[in-house]
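Me: I have a chain open and want to go through it piece by piece. Can you take questions as I go?
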Amino acid sequence: MTSAPGRAAELDVPALNAELDEMEEGIGSDIEAATARAGRLIETSTALGCAEAYWRAVLLRADLTERQGDLAGAAAAVQEVRRWAAEQGSRRLLSRAHRLLGRIARNTGDLAGSLDHMLKCVAAFSADTPPSERISALIGLADSFADIGSMPAARDQFERAYRTAAELGLLERQLTALNNYAYSEYEAGEPHRAHEVLQRLQALAARHGRPLDAAELDTIARVHLDLGNLLEAEAAADEAVARFAQDGMMEADSQASYMLTSGMVRHRRGDLESAQHALNESEALCREHGLGLLLAEVMGEQAALYATLGQFEKAYHRQCEAQAAERRQSSADREAQIRHAQVLYEVADVRQQAESFRDEARRDALTGLRNRRFIDERLPELLIRQVPAGSPLVVALLDLDHFKRINDTFSHQAGDAVLSTVAGLLVQVPLGATGFAARLGGEEFLLVLTDSSVPEAIMKLEDLRQRVAAHDWTAVTGDVPVTISIGVTAASAGSTVVGLLAHADSALYGAKAAGRNRVHVEENLDITERRNRRMPLAPKGDPA
């Protein structure tokens with residue numbers, strides 16, 4: 001990578017990533033300015049030697065290239081990004097690359113390819129995929145299902161995307177989901193369903209004082225046209241074209257679609273000259289930018305217009321062209337159905353592998369128990385879910401007593417054998433439906449018990465302590481005993497992960513200070529039932 005002049009040197013790595021995050025969240029309407037900005041980010045990432053940032057910026061510029069109608073150039077750039085992301089294991093970038101390739105394939109009429117890419121986009125989701133990207137991908141997947149006629153699947157995905165956006169308060173993503181949903185219903189020959197979805201969209205926009213954009217107005221025009229509401233259709237179509245010009249948009253596929261809608265409305269209204277002008281403009285844009293999916297629709301409308309004008313020979317030839325395009329599209333649709341079944345199988349297998357890798361990444365290699373990464377993900381969830389519901393959540397830290405002596409005397413292999421055996425005893429403890437055992441590192445373990453009261457949990461831990469002490473260790477450590485010390489705490493309202501682990505660690509220190517090989521309960525923990533039971537919590541002596 002070569003160094004970049006000018007503003008490139010002004011950004012550091014955090015600022016560069018922040019700007020990339022901002023652009024990925026929303027490119028905006030000024031495509032020319034956004035393209036220049038993406039170019040500067042490419043220069044900056046090159047100068048700073050940030051490979052991931054470089055390819056993110058390249059993908060952003062490819063997105064903008066596609067919006068300006070250069071589908072071939074955009075596809076070539078995105079394929080480079082996809083290859084790099086696959087080689088480097090960058091799942092987030094891989095997901096975004098497939099999403100853009102899906103959009104390009106859809107615009108060229110390759111519905112099978114579009115669905116393939118969108119399924120791979122969703123399959124590549126990772127833990128760091130932002131919610132907004134997940135929602136956009138679900139909308140794209142829904143579009144692809146609708147394109148091949150799988151409306152039940154499309155409806156499920158549109159509603160899923162809408163609900164997720166609503167839960168997160170992402171207004172623009174909600175509106176996009178509803179707009180694409182309505183347009184898909186319209187294309188499926190369901191104008192009344194489409195109108196119901198549009199009513200949801202318009203009500204949502206009105207509640208937030210957000211004016212309808214060109215895409216939404218175009219959908220409204222199409223649906224009203226299908227319902228026979230010509231005045232409403234004309235008003236919406238005119239406003240869509242005006243809004244598109246006003247916003248300075250340069251997206252070729254959008255412009256071609258809006259001009260087609262305008263031509264359709266004017267044809268129905270009897271303004272045949274204006275209709276012909278709009279359709280010619282739409283056709284030119286489709287041919288210039290390779291918009292095969294839209295071109296077939298434009299030719300069909302032109303055939304109908306020629307017939308209205310009495311130009312039957314032109315109408316016949318244009319209808320033949322439209323039918324040929326439809327046959328090509330129908331063939332692609334059948335291929336999509338076949339590939340759909342194959343890709344679903346492949347994606348299911350990919351997901352299964354991904355889940356397997358995910359599980360492996362959250363397990364300790366030696367003991368097979370959960371690891372610190374799993375704790376950091378699961379314990380906050382349990383605090384949110386269990387404590388407000390009044391369900392008990394007991395946390396215990398366990399430490400092997402004088403473990404260094406075992407390693408030094410008998411070898412690290414013997415130490416590993418002890419750790420693995422203790423792990424086997426830990427998983428025998430009834431931890432509850434959502435409880436788990438984990439290795440924090442070294443000789444320290446964590447137990448989380450979810451379906452036991454504090455006194456019951458203490459009894460289970462005492463049983464565990466006794467089983468470890470009573471286990472026959474002679475084959476591994478000879479006459480040297482193996483024992484554990486346990487510190488116990490429990491979650492309450494306001495508990496945090498850091499606080500819980502600190503309290504458990506303090507209790508564990510208390511067990512060590514009191515002589516080891518014992519269960520020690522946090523001093524301030526409320527265990528009123530304990531006074532009514534005989535609990536051997538502190539055996540005398542220090543066998544270690």
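Me: What percentage of the 544 residues in the protein chain do buried residues make up?
Reply: Buried residues make up 50% of the 544. Buried means under 20% relative accessible area, exposed over 50%, partly exposed in between, with a 1.4 Å probe and protein chains only. This is a predicted model, where local features need pLDDT of at least 70 and side-chain atom pairs count only at pLDDT 80 or more, while totals for chains, interfaces and linings use all residues. Residues are numbered from 1 along each chain as its sequence is written, and side-chain values use heavy atoms, with hydrogens and water left out.

Me: How many helices and strands does the secondary structure come to?
Reply: The protein chain has 22 helices and five strands. Helices (H or I, at least four residues) and strands (E, at least two) are DSSP runs, numbered from the N terminus.

Me: Start with α3. Why is it largely enclosed?
Reply: Twelve of the 17 residues of α3 are buried, so the rest of the structure largely encloses it. Among them are W55, R56, D63, E66 and R67.

Me: What span should its 17 residues have?
Reply: Helix α3 covers residues 51–67 and should span 24 Å at 1.5 Å a residue; its end C-alpha atoms are 25 Å apart, which agrees. The expected span is 1.5 Å times one less than the number of residues. Just after α3, G69 takes a positive phi of about 100°.

Me: At what angle do the axes of α2 and α3 cross?
Reply: They cross at roughly 160°, and the axes of α3 and α2 (residues 31–48) come within 8 Å. That makes the two helices roughly antiparallel. Angles under 35 degrees count as roughly parallel, over 145 as roughly antiparallel, 65 to 115 as roughly perpendicular and the rest as oblique. The axes are lines fitted to C-alpha atoms, for helices over the stretch in contact, and angles run from 0 to 180 degrees between N-to-C directions.

Me: Which residues in α2 meet α3?
Reply: The α2 side includes I31, A38, L41 and I42, and the α3 side includes A53, Y54, V58 and L64. Contact means heavy atoms within 4.5 Å.

Me: Now α5. How many of its 17 residues are buried?
Reply: In α5, 13 of the 17 are buried, and the helix is mostly covered.

Me: Is E216 buried or exposed?
Reply: E216 counts as buried because its relative accessibility is 2%. E216 is found in helix α11, residues 214–227. Not counting residues up to four places away in sequence, E216 touches L175, N179, L201, R210 and P211.

Me: Which way do β1 and β3 run?
Reply: Antiparallel, joined by six bridges, and D399 has E444 in β3 as its bridge partner. β1 also pairs with β4 (residues 484–490) in the antiparallel sense over seven bridges, where L400 partners I484. Two strands pair if DSSP finds at least two bridges between them.

Me: How many bridges join β2 to β3?
Reply: Five bridges join β2 (residues 436–441) to β3 (residues 444–449), and these strands run antiparallel. The hairpin of β2 and β3 has two residues between the strands, and G442 there takes a positive phi near 55°.
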